[in-house]
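Dear colleague,

I am handing over the structure we spoke about, and below it you will find my notes on what turned up in it. Please read them with the model open beside you.

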Amino acid sequence: MVEAALLSWEHKYVKANSVQLHYVAQGSGKLLILLHGLFEFWYSWRHQLPYLARQFKVVVPDLRGYNDSDKPPSGYDLDTLSSDISALIHSLGYEKAHVVGHDWGGAIAWHLAHRFPSKVDKLAILSTPQRWQTVLTHGLSHSWSHLQRNWHVLALQTPGLPQWLIKENLSSLMTYLFQQQVVRKSSFTQANADLYQAALQKPGVIPALLQHARHCLSLTDWLNSWFSPSRLSNHPLTSPTLIMWGEDDNLVPTDMSALVSAHETIISRSIADCGHWIQQEAPYSVNRELIEFLS
């Protein structure tokens, strides 16, 4: 399916929020934006592009700092990243879009829907707690083993961690993430892991990845969420929302529904025998749920 669709995928660039974003597009109609997570790039949505393009104009950007998008020295906080996507929607000539995010991309999608509610039609979140800081909170209060499984994100919080150390261990990190942490082992080949590694080895990506990861579990954001009311509370989530997760996800808490605020109406779906990389491990199930929800 993926190979046959390659001929109809378009690689383009667009200026959004003062950065040039690379994106892959397919289809026509209502705009649908897919946001990738940490350590990934547009390729993580390869199974969704041709399927969802039957009904939508599907746009899959590389987030700022990743792969072929610009890699500025700053702007990796949720405010700026959500502004990037808001500007992307506008630059593509649309008023609003359906937005789907996985992992850190899901956190950006949450933030976008709160800050720019008029820009988000329907929202789907995959393998992402409402706030990434919740992962750390959950780990401290419930499971030390959960923190151990997230060592790669926690290690990137270390101030002054040399970039060369990440580069030297990038191959083993890719093996850990895309082979050891995968439940459905046949979902990833060595060729897949090599593509992710090649995208991360492009000039400027590792420094950007460090900033993404440090904002992902920002201690400042974590403390602010505890000791001060969220400034986003004045903009409640109004978009119809779907949240999906793999029941055997080792990288985020498995009971994702317990991490969703009670005041927000959400449709929840779990997929059995599936890990963190949900849209790649169970593409047919994810595609079916997304089409049903978005249509």
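The sheet is open and has 8 strands in the order E1-E2-E4-E3-E5-E6-E7-E8, with mixed pairing; two strands count as paired if DSSP finds at least two bridges between them, and the helices (H or I, at least four residues) and strands (E, at least two) are DSSP runs numbered from the N terminus. Its edge strands are E1 (10-16) and E8, each of which pairs on one side only, and from one strand to the next the twist averages 25°. This is a predicted model, in which local features need pLDDT of at least 70 and side-chain atom pairs count only at pLDDT 80 or more, while totals for chains, interfaces and linings use all residues. Residues are numbered from 1 along each chain as its sequence is written, and side-chain values use heavy atoms, with hydrogens and water left out.

Strand E7 (residues 241-246) runs parallel to strand E6 (residues 120-126), to which 4 bridges join it, and the partner of Leu123 in E7 is Thr241. On the other pairing, 6 bridges join E7 to E8, again parallel, with Ser270 in E8 as the bridge partner of Trp245. Because 6 of the 6 residues of E7 are buried, this strand is largely enclosed by the rest of the structure; buried means under 20% relative accessible area, exposed over 50% and partly exposed in between, with a 1.4 Å probe and protein chains only. Thr241, Ile243 and Trp245 point one way from E7, whereas Leu242, Met244 and Gly246 point the other way. In a regular strand the side chains alternate between the two faces of the sheet.

Helix H3 (residues 78-91) touches E1, E2 (19-26), E3, E4 (57-61) and E5 (97-102), and its direction makes about 110° with that of E1. Helix H14 (residues 283-294) touches E3, E5, E6, E7 and E8, and its direction makes about 170° with that of E7. Contact here means heavy atoms within 4.5 Å, and axes are lines fitted to C-alpha atoms, for helices over the stretch in contact, with angles running from 0 to 180 degrees between N-to-C directions.

The largest nonpolar core has 82 residues, of which Ile33, Val58, Leu123, Met174, Leu177 and Leu290 touch the most other members; such a core is a set of buried Ala, Val, Leu, Ile, Met, Phe, Trp, Tyr and Cys residues joined through side-chain atoms within 4.5 Å. Helix H4 (residues 104-115) gives the largest share of this core, 7 residues. Leaving out residues up to four places away in sequence, Leu123 touches a list of residues that includes Val99, Ala109, Trp110, Leu237 and Phe293. Ala109, which lies in helix H4, counts as buried because its relative accessibility is 0%. Beyond its neighbours within four places in sequence, Ala109 is in contact with Leu35, Val99, Gly101, Leu123 and Ile125.

There are also 9 aromatic pairs, where rings of Phe, Tyr and Trp (its six-membered ring) pair if their centres lie within 6.5 Å, and planes under 30 degrees apart count as stacked, over 60 as edge-to-face and the rest as tilted. The rings of Phe41 and Tyr196 have centres 5.6 Å apart and planes at 80°, so this pair is edge-to-face. Phe41 sits in the loop between strand E3 (31-35) and helix H2 (49-52), and Tyr196, 155 residues apart from it, in helix H10 (residues 190-200); both Phe41 and Tyr196 are buried. For Phe178 and Trp277 the centres are 4.7 Å apart and the planes at 40°, so that pair is tilted, and Phe178 and Trp277 are both buried as well.

Lastly, Ser186, in the loop between H9 and H10, is exposed, with a relative accessible area of 71%. Its C-alpha atom is 8.2 Å from that of Glu281, although Ser186 and Glu281 are 95 residues apart in sequence.

With best wishes
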